[in-house]
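Trainee: Could you walk me through this protein model, one question at a time?

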Amino acid sequence: MNLPNKITTFRMVLVVALIAVLLLPFEYGYVFGSSVLTWQYLVAFIIFFVASVSDFFDGYIARKYNLVTTFGKFMDPIADKLLVNSAFIILAIQGPYRIPAIVVVIMIGRDIIVDALRMISVQKGIVIAASKLGKLKTVTQMVALSFVFLADWPFSLLGTKGWVGISLCYLAALVSLVSGIDYVIKGRKVFKDE
């Protein structure tokens, strides 16, 4: 259990904490003078932010110090997807501003297709390299979710009423869709029967 794996495990604990904070039936009053942002979503944002930053550090440390393990290869993407997809699903049902269902469907649909493609490619001994679009997808998702958690703060002071966060969610969905198409094009050879 090296340091990157401990960070990944810690992120899994943060995912559970995030879900608990979001699903508990309480709201602790309003902050920043906004009529939407509550302490509940501020705490959720802090947990989400720490988990998102930990995602960067565990990968960076594992690569820099050659600490890549099978556990890390398996658990890191699961932790990432649980973090982001759980937040998207819950914020589509409730939240300062509800994320449109189509955004959530695109995000989760893309992940299912790419994961299935990777599974088939591994069985056939084909390597599909991670793309920059995949990393961009993760960054746009995390930025979009941060603005939704914070009810657009600081832009909410200008009366944005959630359109910044929701617009970023649509952008993240678009990047996710393009990234998924890119993976399918790169991995089309796995569909050829021998």
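This is a predicted model: local features need pLDDT of at least 70, side-chain atom pairs count only at pLDDT 80 or more; totals for chains, interfaces and linings use all residues.

Trainee: Which helix gives the most residues to the lining of the largest pocket?

Mentor: A pocket here is an open set of points on a 1 Å grid over the protein atoms alone, where a 1.4 Å probe fits, with protein on both sides within 12 Å along at least five of seven lines; lining residues have an atom within 4 Å of a point. The largest pocket holds about 1,500 Å³ of space, a volume being the space filled by probe spheres set on the points, which are joined across faces, edges and corners. Two or more lining residues come from each of α1 (3-23), α2 (39-64), α3 (70-93), α4 (101-123) and α5 (132-149), helices being DSSP runs of H or I with at least four residues, numbered from the N terminus. With 10 residues, the top contributor to this lining is α3.

Trainee: How many charged residues are in the lining of the largest pocket?

Mentor: The lining has 46 residues, and D76, P77, D80, R118 and K135 lie nearest the pocket's centre. Asp, Glu, Lys and Arg count as charged; Ala, Val, Leu, Ile, Met, Phe, Trp, Tyr, Cys and Pro as nonpolar; the others, Gly among them, as polar. Beside 21 nonpolar and 12 polar residues, the charged ones number 13.

Trainee: Is R11 buried or exposed?

Mentor: Buried means under 20% relative accessible area, exposed over 50%, and partly exposed in between, using a 1.4 Å probe and protein chains only. D80 has 15% relative accessibility, so D80 counts as buried. R11 has 0%, so R11 counts as buried.

Trainee: What is the N to O distance in the salt bridge between D115 and K81?

Mentor: This pair links distant parts of the chain, with D115 in α4 and K81 in α3, 34 residues apart. D115 is partly exposed at 33% relative accessibility, whereas K81 is buried at 18%. Their side chains meet at 2.9 Å.

Trainee: Which helix gives the most to the nonpolar patch?

Mentor: Patch residues have over 30% relative accessible area and no salt bridge; like charges are joined within 9 Å, and nonpolar side chains (Val, Leu, Ile, Met, Phe, Trp, Tyr) within 5 Å. F10, I46, F49 and V50 make a nonpolar surface patch of about 370 Å², with areas from the Shrake-Rupley method with a 1.4 Å probe, where for residues only the protein chains shown count as cover. Giving 3 residues, the main contributor is α2.

Key: Residues are numbered from 1 along each chain as its sequence is written. Side-chain values use heavy atoms; hydrogens and water are left out. A salt bridge is a side-chain nitrogen of Lys or Arg within 4 Å of a carboxyl oxygen of Asp or Glu.
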